[in-house]
Amino acid sequence: MNIIFVQSYPVYHDLTEEKDFPDLANRDKWMPALCIQKGYPSSLWAAGNVPLETEWQYDDLPSLPVRIFEADKNSSKSREHTSRELCEAAKKEAASFFVIKGADGGVGLQLIREVLIPNNIPFAVILDGIWYHPFLKHAFAILYETEGQKKQLSTRGLRFWRPVIDEEKLIHLEKSVDTRHFSPDSGIKKEFDVIAMGRLLPNNKNYDALFRLSHHLKIGVIGGGPMYETFKNNYPKITWFGTIPHHEVPDYLNKGRLFFHTGLGDHFPCVIAEASSCGIPPVAFKKVIHEDVIPEEIGLRVSKKGFATEIQALLSDEIRLKALSKNARKYAQERWNHTSSSRALRDMMLLFRALKKTS
């Protein structure tokens, strides 16, 4: 058995340098490392500016081989970049199957289109943001994060031409956070009513809600990007922290009384789990983030028109705020810890074995 996990986006899409990529601890690495721990040799592949071969080791998990292949920057959009080198390596590798992270990244799409499907090599897909692509019908397993994704994939809906995915192929995948690192810190002062986090990109995120709240509440924003200087100059009432090293993020999250995800397109951003793990109740728009992501006992789902009033009401209710904080921390420890993907990996292996028996 040889399993290769592949990042569909190049590493620099998330503003990460190749030298820093091996040090990031997240589910993308925990999943293949957990496979190795269970006796299934695995590795992690990605594309980047420069080639790199290294090992990643975290806590008590086994060492994980990591390979970065040179990307072909054949588009103005980094998510569409491909990697001919990665595809050539895949042709030579005796992999039992591939696991593609992301349904719309150029690296993953090229690999599926030019190597996996033509050579009848099995693959699974981890959904990340974009929940559908026609190639999903060829995957033996699809790992989804939200009930909304599952419903969209398994029902016909208005797009009658879109193939319905067999529910037996759909595997629920929990978020993963190191709840030992992302944890409450009573020694950090609550300087902000609301803390937020995200890349500051044009036409990508919705920050209007934060701009409105800043007239009445103290707001802090973690994250850098092309719009950093513009936002910093135009909205001086907000504290813009810029890019923060990942290992320092819990210190900044703990400065807030609430975490507000203002995005209008993400199904389940990891920072909701990270904030919850720190005991910071998450808030998001109810039409975007559904109840299975933010249950009412750990956070607040607000309306687009009345969000400011709803958030201020919660901030004024200290008893409820403390209860949500306690519940969020407990929920994250139980559901979103760094080994939370174990069940999904088990189910994926069962589907692969069933596939081999019928082929």
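Among contacts in the chain (heavy atoms within 4.5 Å) between residues at least 6 apart in sequence, 65% join residues at least 24 apart. The model is predicted, so local features need pLDDT of at least 70 and side-chain atom pairs count only at pLDDT 80 or more, whereas totals for chains, interfaces and linings use all residues. Residues are numbered from 1 along each chain as its sequence is written, and side-chain values use heavy atoms, with hydrogens and water left out.

**Overall form**

- The chain contains eleven helices and 14 strands; these are DSSP runs numbered from the N terminus, with helices (H or I) of at least four residues and strands (E) of at least two.
- The radius of gyration, taken over C-alpha atoms, is 21 Å, which agrees with the value near 21 Å for a compact globule of 359 residues (the rule is 2.2 Å times the number of residues to the power 0.38).
- Along the principal axes, the C-alpha atoms fill a box of roughly 60 × 45 × 40 Å.
- Of the 359 residues, 54% count as buried (under 20% relative accessible area with a 1.4 Å probe, protein chains only; exposed is over 50%, and partly exposed lies in between).

**Helix H3**

- Helix H3 (residues 106-116) is mostly covered, with nine of its eleven residues buried.
- Among these buried residues are Val107, Leu109, Gln110 and Ile112.
- Their cover includes strand S1 (3-7), strand S2 (42-48), helix H2 (84-92), strand S5 (97-101) and strand S6 (123-126).

**Serine 176**

- Serine 176 lies in the loop between strand S8 (170-172) and strand S9 (192-197).
- Serine 176 counts as buried because its relative accessibility is 5%.
- The side chain of serine 176 makes a polar contact with the side chain of serine 340, at 2.8 Å (a pair of N or O atoms within 3.5 Å; within protein, one must be able to donate a hydrogen and the other to accept it, and residues adjacent in sequence count only if both atoms are side-chain atoms).
- Leaving aside residues up to four places away in sequence, serine 176 touches several residues, including Arg27, Trp30, Cys270 and His338.
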